[in-house]
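Please open the model in your viewer and keep the selection tool at hand. The tour below goes from stop to stop, saying what to select and what is there.

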Amino acid sequence: MSLLYFENAAGRLLEDPAGFLRVVWTGRPRGPHDAQALFTHMQTALQRHGWSRIFIDQRQMLPFSSQEQTWVARHWLPQAVQAGYRHGAVLVSTDVMVRLATAYVTTQVQGLPLVYRSFETEGAAIAWLLQQPMTP
């Protein structure tokens, strides 16, 4: 059973006993700092546990704003990788705007030791994630 670590309008962050974080984005409108807070808590939780893996459920997610995209790509990703983030399994949204916003962020990892994979089912995403090392 996953434990709730953090929750706000953007989503929930759960600690999975298998050794990874679960991010479940909501479809609720979010304030200008809600996504940043969720991402910041992702990094803190990774550091706290020494984990390197995140499962990201974007099925209900609203698209990132251009400001959110820029902040994640330029600030959060390098810091998260420095904190140990190595593997992200993304359960993709059917919303094309969410997919485009996510593609922008995931293409910014060039040169970073980070691998993102996109999946249509939770089972496939979790199976892949569990094959990756738990620690950096």
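Which residues of E5 lie on one side and which on the other, and are they buried or exposed? On one side of E5 are His87, Ala89 and Leu91, on the other Gly88 and Val90, and all of them are buried, where buried means under 20% relative accessible area, exposed over 50% and partly exposed in between, with a 1.4 Å probe and protein chains only.

Before going further, note that this is a predicted model, in which local features need pLDDT of at least 70 and side-chain atom pairs count only at pLDDT 80 or more, while totals for chains, interfaces and linings use all residues. Residues are numbered from 1 along each chain as its sequence is written, and side-chain values use heavy atoms, with hydrogens and water left out.

**The sheet**

Select the strands next; helices (H or I, at least four residues) and strands (E, at least two) are DSSP runs, numbered from the N terminus.

Strands of a sheet pair through backbone hydrogen bonds, either parallel or antiparallel. Here E2 and E3 run antiparallel and are joined by 6 bridges; together they form a hairpin with 3 residues between them, and glycine 19 in the turn has a positive phi of about 95 degrees. To see the pairing in place, select leucine 13, whose bridge partner in E3 is valine 23, and then leucine 14, which stands opposite arginine 22 in E3.

On its way to the next strand, arginine 22 has phenylalanine 55 as its bridge partner in E4, where 4 bridges join E3 to E4 and the two strands run parallel. E4 and E5 also pair in the parallel sense, over 5 bridges, and there aspartate 57 stands opposite leucine 91 in E5.

Stay with E3 for a moment, and colour its side chains by the direction in which they point. Phe20, Arg22 and Val24 point one way, whereas Leu21, Val23 and Trp25 point the other way, and all are buried.

**Helix H1**

Now select residues 34-49, which form helix H1. At 1.5 Å a residue, its 16 residues should span 22 Å, and the end C-alpha atoms are 23 Å apart, which agrees; the expected span is 1.5 Å times one less than the number of residues. Within H1, the buried residues are Ala35, Leu38, Phe39, Met42, Gln43, Ala45 and Leu46. Seen down the axis of H1, they fall within an arc of 165 degrees, so they line one face of the helix, the arc being that of the directions from the helix axis to the C-beta atoms.

This buried set packs against strand E1 (3-7), strand E2 (11-16), strand E3 (20-25), strand E4 (53-57) and helix H2 (66-82), contact meaning heavy atoms within 4.5 Å. Just after H1, select glycine 50, which takes a positive phi of about 75 degrees.

**The cores**

Next, show Trp25, Met42, Ile54 and Trp76, which touch the most other members among the 31 residues of the largest nonpolar core. Such a core is a set of buried Ala, Val, Leu, Ile, Met, Phe, Trp, Tyr and Cys residues joined through side-chain atoms within 4.5 Å. Leaving aside neighbours within four places in sequence, tryptophan 76 is in contact with Phe39, Thr40, Met42, Gln43, Ile54, Trp71, Tyr85 and Tyr116. Apart from this core lies another, of 9 residues, among them Ala89, Leu91, Trp128 and Leu129.

Alanine 80, your next selection, has its place in helix H2 and is buried, with a relative accessible area of 0%. Leaving aside neighbours within four places in sequence, alanine 80 is in contact with Gln43 and Tyr85.

Finish at helix H4 (residues 122-130), where Ala125, Ile126, Trp128 and Leu129 are buried. Seen down the axis of H4, these buried residues fall within an arc of 160 degrees, so they line one face of the helix. What covers them includes E3, E4, strand E5 (87-91) and E6.

How values were computed
Pairing = 2+ DSSP bridges.
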